[in-house]
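I opened the notebook to go through one model residue by residue, and I wrote down what I looked up in the order in which I came to it.

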Amino acid sequence: MPQKKRDFAKIVRNMIRQSEVVCEVIDGRFPSLSRVRKYENMVLRNPKKSLVIAMNKIDLVPDKVVKKWKKILKEEGLNVIAVSARERLSTSILRKELLKVAPPETYFVTACFIGLPNTGKSSLINILKGRASAPVAPIPGYTRAEQVLRITTRLRIFDTPGVLTKNINPNERILLGTYRWDQLADHVKASWVLVQGIEKYNPGILTEVYGIEYRSPPEFIEKFAEKRHRRKKGGVLDIEAAASIFMNEYIQGKIPIWEDPETYLKEREEQEER
Ligand SMILES: Nc1nc2c(ncn2[C@@H]2O[C@H](COP(=O)(O)OP(=O)(O)OP(=O)(O)O)[C@@H](O)[C@H]2O)c(=O)[nH]1
Ligand SMILES: [Mg+2]
């Protein structure tokens, strides 16, 4: 039977309680948007627990952007490691760090991996373990229950289901790829929202990647359907199928997109002045 979302939050809180170290996996393309500050604070408030931020999927972002984000997060007092599960970048550094930050008197360390759906928690855990043990999929909400894995003699890791918090609005959720497209009430509309979101973060990139000129999101999806020869019986364009294909390609990382560190800094400054 499918579990309810609120049970996921409960599982995560429970796992945090049982762990000395919490590794928050964020999406390297959206280092600010994908932070779950509610859980970060829960860990940071507790002197017996340590927080490590794994900024994952950095294979999708230029090095200089990754460096800037790392600096920003470090300045905010966070212990951040830039990693890529896909390209196995800095994953052994992450494993060592999880042990390093544990309280000195603990020999056996429990670390739990938390974060939004689809940020790559299970993928990272598999790399740390050295073989596929935690199921991975390009489907947000894939991990549905906690799973405990022994990584080394000293280290065991809890994989947890991705959780969403209220502060992330529906448009941002679509951009972050935390929804299952096939479960959205109107995924064509969602694809329009996605086009809009991509435009905001990387103007002109869709024309560059797909060679499609467009004036509105619906026009983009229509032309995408044409380009991919998606037609229903009778020759009518299959907009629904096209929207799904487009969103799946986005979630797989086909479109280069990231939060701009400079914009974030400017907004942070403005907020501080208020
Ligand atoms: N490009 C890229 N993709 C990645 C990386 N790590 C994971 N992915 C992809 O992201 C998708 C989600 O990965 P999972 O490991 O299942 O993510 P999760 O955080 O466990 O997701 P939930 O269980 O839904 O919370 C999969 O398609 C992975 O292949 C990475 O470093 N780079
Ligand atoms: Mg998972």
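Entry one, an arginine in a loop. I began with arginine 35, which I found in the loop between β1 (21–27) and α2 (37–44). I note at the outset that I am reading a predicted model. Arginine 35 counts as buried, because its relative accessibility is 7% and the cut-off for buried is under 20%. I then listed what arginine 35 touches, leaving out residues up to four places away in sequence, and wrote down Glu24, Ile26, Glu40, Leu73, Glu76, Leu78 and Tyr264.

I looked up the side chain of serine 122 and found one of its polar atoms 2.9 Å from an oxygen atom of ligand 1. For lysine 57, a polar side-chain atom lies 3.2 Å from an oxygen atom of ligand 1, and for serine 84 an N or O atom of the side chain is 3.3 Å from an oxygen atom of the ligand. I then looked up the cover, and the protein takes up 94% of the 650 Å² of accessible area that ligand 1 has on its own.

The phi of lysine 57 is near 65°, which I marked as a positive value in a residue other than glycine. Is lysine 57 buried or exposed? I recorded lysine 57 as buried, because its relative accessible area is 16%.

I looked up the protein donors of the magnesium ion (ligand 2) and found Ser122 (OG) and Thr143 (OG1), lying 1.9 to 2.2 Å from the ion. This pair links distant parts of the chain, since serine 122 is in helix α5 and threonine 143 is in the loop between α5 and β5 (147–150), 21 residues apart. I also noted that both serine 122 and threonine 143 are buried.

I found histidine 229 in the loop between α9 and α10 (239–251), with a positive phi of about 55° although the residue is not a glycine. I recorded histidine 229 as exposed, because its relative accessibility is 67%.

I placed glutamate 219 in helix α9 (residues 217–227), and I counted the residue as buried because its relative accessibility is 17%. Leaving aside neighbours within four places in sequence, I found glutamate 219 in contact with Glu213 and Tyr214. I also checked tryptophan 192, which is 27 residues from glutamate 219 along the chain, with 9.2 Å between the C-alpha atoms of the two.

Phenylalanine 8 and alanine 145 are 137 residues apart in sequence, and I noted 7.4 Å from C-alpha to C-alpha.

Technical notes. Residues are numbered from 1 along each chain as its sequence is written. Chains are lettered from A and ligands numbered from 1 in the order in which they are written. This is a predicted model: local features need pLDDT of at least 70, side-chain atom pairs count only at pLDDT 80 or more; totals for chains, interfaces and linings use all residues. Side-chain values use heavy atoms; hydrogens and water are left out. A polar contact is a pair of N or O atoms within 3.5 Å; within protein, one must be able to donate a hydrogen and the other to accept it, and residues adjacent in sequence count only if both atoms are side-chain atoms. Accessible areas come from the Shrake-Rupley method with a 1.4 Å probe; for residues, only the protein chains shown count as cover. Donors are N, O and S atoms within 2.8 Å of the metal (3.2 Å for Na, K and Ca); water is not among the atoms, so sites may look incomplete. Helices (H or I, at least four residues) and strands (E, at least two) are DSSP runs, numbered from the N terminus. Buried means under 20% relative accessible area, exposed over 50%, partly exposed in between (1.4 Å probe, protein chains only). Contact means heavy atoms within 4.5 Å.
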